Amino acid sequence: MAAMKKGTKLTDNPKDYMLRVRMDNDTLNRLDDLCEKYNTNRSVIVRMGIDKLYQDK
């Protein structure tokens with residue numbers, strides 16, 4: 001078993017993939033408003049949106 005780096009968070013669902021997207025200023029402002037409303041970060045809001053759309057399909 002490989003040694004863990006100091007400060008490595010242990011999780012049941014590691015986030016191994018990074019996604020880069022382009023968006024206009026209006027969309028970014030809406031994303032940031034949602035971050036403030038839900039008191040979380042952009043990544044969580046994007047995952048919440050994907051989950052919501054997936055459930056609705």
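Mentor: We go from the overall layout to single residues.

Mentor: This is a predicted model, so local features need pLDDT of at least 70 and side-chain atom pairs count only at pLDDT 80 or more, while totals for chains, interfaces and linings use all residues. Residues are numbered from 1 along each chain as its sequence is written, and side-chain values use heavy atoms, with hydrogens and water left out.

Trainee: How many helices and strands does the protein have?

Mentor: The protein has 2 helices and 0 strands. Both terms refer to DSSP runs, numbered from the N terminus: helices are H or I with at least four residues, strands are E with at least two.

Trainee: How do you know that H1 reaches the span expected of a helix?

Mentor: The expected span is 1.5 Å times one less than the number of residues. H1 has 14 residues and reaches 20 Å from first C-alpha to last, close to the 20 Å expected. H2, residues 42-56, has 15 residues and reaches 21 Å, close to the 21 Å expected.

Trainee: What makes Asn-41 a cap for H2?

Mentor: A side-chain oxygen of Asn-41 lies 3.1 Å from the backbone nitrogen of Ser-43, at the N-terminal end of H2. A polar contact is a pair of N or O atoms within 3.5 Å; within protein, one must be able to donate a hydrogen and the other to accept it, and residues adjacent in sequence count only if both atoms are side-chain atoms. The Asn-41 side chain also reaches the backbone nitrogen of Val-44 at 3.0 Å. Asn-41 itself sits in the loop between H1 and H2.

Trainee: Which side chain reaches a backbone nitrogen at the start of H1?

Mentor: That of Asp-24. Its side-chain oxygen comes to within 3.3 Å of the backbone nitrogen of Asp-26.

Trainee: Which residues does Leu-31 touch?

Mentor: Met-23, Arg-42, Ile-45 and Val-46, not counting residues up to four places away in sequence. Contact means heavy atoms within 4.5 Å. Leu-31 and Asn-41 are 10 residues apart in sequence, and their C-alpha atoms are 9.3 Å apart.

Trainee: What makes the pair of Asp-32 and Arg-42 a salt bridge?

Mentor: The term needs a side-chain nitrogen of Lys or Arg within 4 Å of a carboxyl oxygen of Asp or Glu. For Asp-32 and Arg-42 the closest N and O atoms are 2.9 Å apart. Asp-32 lies in helix H1 and Arg-42 in helix H2, so the pair ties together parts that are 10 residues apart in sequence. Asp-32 is partly exposed at 25%, and Arg-42 is partly exposed at 42%.

Trainee: How many salt bridges does the structure hold?

Mentor: The structure holds 3. Another joins Arg-30 and Asp-26 at 3.6 Å, N to O. Both lie in helix H1, 4 residues apart, about one turn of the helix. Arg-30 has a relative accessible area of 48%, so it counts as partly exposed. Lys-52 also pairs with Asp-56, the closest N and O atoms being 3.0 Å apart. That pair is in helix H2, again 4 residues apart, about one turn of the helix.

Trainee: What makes Leu-19, Val-21 and Met-23 a patch?

Mentor: Patches are made of residues with over 30% relative accessible area and no salt bridge; like charges are joined within 9 Å, nonpolar side chains (Val, Leu, Ile, Met, Phe, Trp, Tyr) within 5 Å. Met-23 has 38% relative accessibility, so it is partly exposed. Together the three residues have about 310 Å² of accessible area. Areas come from the Shrake-Rupley method with a 1.4 Å probe; for residues, only the protein chains shown count as cover. Met-23 is in the segment before helix H1 (25-38).

Terms used
Buried < 20%, exposed > 50% of the residue type's maximum accessible area, 1.4 Å probe, protein only.
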